[in-house]
Amino acid sequence: MRHMFFMRKPQPAAGMSPQDAVQAAKEDKVTLIDVREHNEVAMSGKAKGALHIPLMRLRDMADPRHPDFHPALETAGSIAVYCASGARSHHARELLRQMGYDDVHNIGGLGHWVQAGGELER
């Protein structure tokens, strides 16, 4: 018996590329979230305009009922998350989607942002 899984055609990856995120940030059309730890941000800086919300704090800071809710997420439309390599931002994307944020994209790591022409800030 053949399983349906093997019969599916691979789907192209949909979503926002780092290049798309850089352009959207220039036009103020995306909320960027850096989910790396404090020491990582202190060492390298972060994407210009990005919120810094470590992955371990994301559930609280993205929940409007929590006292630590980040007010910038109240009006967030498109959200792009990144970390160092893309692994933690993958988890962040899934968490935010489970919490009801629909338009969330993992753009990979900070290096992807820089390679796409994105600016850094300290």
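Reader: Which residues have the most contacts inside the largest nonpolar core?

Author: They are Ile33, Ile53, Leu58, Leu73, Ile79, Leu96 and Tyr101, in a core of 19 residues. The model is predicted, so local features need pLDDT of at least 70 and side-chain atom pairs pLDDT 80 or more, while totals for chains, interfaces and linings use all residues. Residues are numbered from 1 along each chain as its sequence is written, and side-chain values use heavy atoms, without hydrogens and water.

Reader: What makes a set of residues a nonpolar core?

Author: Its members are buried Ala, Val, Leu, Ile, Met, Phe, Trp, Tyr or Cys residues, joined through side-chain atoms within 4.5 Å. A second, separate core has 14 residues, including Ala21, Leu32, Ala50 and Ala116. In soluble globular proteins, nonpolar side chains tend to be buried together.

Reader: What does Tyr101 touch?

Author: Not counting residues up to four places away in sequence, Tyr101 touches Ala62, Phe69, Leu73, Ile79 and Leu96. Here contact means heavy atoms within 4.5 Å.

Reader: Why does Thr31 count as buried?

Author: Buried means under 20% relative accessible area, exposed means over 50%, and partly exposed lies in between (1.4 Å probe, protein chains only). Thr31 has 16% relative accessibility, so it counts as buried. Thr31 sits in strand β1 (residues 31–34). Beyond its neighbours within four places in sequence, Thr31 is in contact with Leu51, Leu73, Ala76, Ser78, Ile79 and Ala80.

Reader: Is Asp28 buried or exposed?

Author: Asp28 has a relative accessible area of 69%, so it is exposed. Asp28 lies in the loop between α2 (18–26) and β1. Asp28 also has a positive phi of about 55°, although it is not a glycine. Most residues other than glycine have a negative phi.

Reader: Is Asp63 buried or exposed?

Author: With a relative accessible area of 16%, Asp63 is buried. Asp63 is in the loop between α4 and β4. Setting aside neighbours within four places in sequence, Asp63 is in contact with Phe69 and Met99.

Reader: How do you know whether Ser89 is buried or exposed?

Author: The relative accessible area of Ser89 is 0%, so Ser89 is buried. Ser89 belongs to helix α5. Ser89 touches Val35, Val81, Tyr82, Cys83, Asn106 and Gly108, not counting residues up to four places away in sequence. Ser89 and Arg36 are 53 residues apart along the chain, yet their C-alpha atoms are separated by 8.6 Å.

Reader: How many helices and strands does the protein chain have?

Author: The protein chain has 6 helices and 6 strands. These are DSSP runs, numbered from the N terminus: helices are H or I, at least four residues, and strands are E, at least two. Of the 122 residues in the protein chain, 40% are buried.
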